[in-house]
Amino acid sequence: MAPVADRNDGLTRLRLVFISWVIVFHLDLLLRLTVDLPWLRPLIGAGYLGVDGFFLLSGFVLWLGYGSRPPMDTASLGQFWLRRFAPNMAAAYPGAAGVRRAG
């Protein structure tokens with residue numbers, strides 16, 4: 001079994017900040033928080049940047065996990081991609097069949 005990478009709590013907390021930023025952005029769309037707190041408008045109004053930060057940080061965390069043990073030969077590379085795509089294939093095949101039948 002491959003060694004498990006150490007968890008970095010600081011990165012997890014930063015991901016929480018990005019997620020919270022997006023949630024507050026969407027709550028502002030619904031509740032209009034910045035009407036009562038106009039000084040928060042520049043920060044809350046750019047909440048969509050929390051998605052970019054979250055994805056960037058998630059990619060970095062994945063790189064930390066896989067960067068030290070990349071697949072080196074063809075067999076392990078095939079297993080790597082199979083583990084990534086296999087869970088999604090169960091949903092993709094019926095959808096593709098439905099599109100093909102409709103088209």
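Student: Which element of the chain has the lowest mean pLDDT, and which the highest?
Tutor: Helix 5 (residues 74-102) has the lowest mean pLDDT, 70, and helix 1 has the highest, 89. pLDDT is the predictor's confidence in each residue, from 0 to 100. This is a predicted model, so local features need pLDDT of at least 70, side-chain atom pairs count only at pLDDT 80 or more, and totals for chains, interfaces and linings use all residues. Residues are numbered from 1 along each chain as its sequence is written, and side-chain values use heavy atoms, with hydrogens and water left out.

Student: What is the mean pLDDT of the chain?
Tutor: The mean is 79. Of the residues, 77% reach 70 or more.

Student: How many helices and strands are there?
Tutor: Five helices and zero strands. From the N terminus on, the order is α-α-α-α-α. Helices (H or I, at least four residues) and strands (E, at least two) are DSSP runs, numbered from the N terminus.

Student: How much of the chain is buried?
Tutor: Buried residues make up 16% of the 103 residues. Buried means under 20% relative accessible area, exposed means over 50%, and partly exposed is in between (1.4 Å probe, protein chains only).

Student: And what does the accessible surface come to?
Tutor: About 8500 Å², of which 70% belongs to carbon and sulfur atoms. Accessible areas come from the Shrake-Rupley method with a 1.4 Å probe; for residues, only the protein chains shown count as cover.

Student: Which residues make the nonpolar surface patch?
Tutor: Ile19, Ile23, Val24, Leu27, Leu30, Leu31 and Leu33 make a patch of about 590 Å². Helix 1 gives the largest share, six residues. Patches are made of residues with over 30% relative accessible area and no salt bridge: like charges are joined within 9 Å, nonpolar side chains (Val, Leu, Ile, Met, Phe, Trp, Tyr) within 5 Å. A salt bridge is a side-chain nitrogen of Lys or Arg within 4 Å of a carboxyl oxygen of Asp or Glu.

Student: Take Leu30. Buried or exposed?
Tutor: Leu30 is exposed, with a relative accessible area of 67%. Leu30 is found in helix 1.

Student: What about Ile23?
Tutor: Ile23 counts as partly exposed, at 48% relative accessibility. Ile23 is in helix 1 too. The C-alpha atoms of Ile23 and Ile44 are separated by 9.7 Å, and the two residues are 21 apart along the chain.

Student: New topic. How many aromatic pairs does the structure hold?
Tutor: Three. One of them is Phe25 with Tyr48, edge-to-face, 6.4 Å centre to centre with 75° between the planes. Rings of Phe, Tyr and Trp (its six-membered ring) pair if their centres lie within 6.5 Å; planes under 30 degrees apart count as stacked, over 60 as edge-to-face and the rest as tilted.

Student: Which parts does that pair tie together?
Tutor: Phe25 lies in helix 1 (residues 9-31) and Tyr48 in the loop between helix 3 (41-45) and helix 4, so the pair ties together parts that are 23 residues apart in sequence. Phe25 is buried, with a relative accessible area of 19%.

Student: Which residues does Phe54 touch?
Tutor: Arg15, Phe18 and Ile19, not counting residues up to four places away in sequence. Contact means heavy atoms within 4.5 Å. Phe54 is in helix 4 (residues 49-66).

Student: Where does Phe60 sit?
Tutor: Phe60 is in helix 4. Phe60 counts as partly exposed, at 38% relative accessibility.

Student: Now Thr34. Buried or exposed?
Tutor: Thr34 is buried, with a relative accessible area of 10%. Thr34 is found in helix 2 (residues 33-36). Leaving aside neighbours within four places in sequence, Thr34 is in contact with Asp28, Leu40, Arg41 and Ile44.

Student: Last one. What is the phi of Arg32?
Tutor: Positive, about 55°, although Arg32 is not a glycine. Most residues other than glycine have a negative phi. Arg32 lies in the loop between helix 1 and helix 2.
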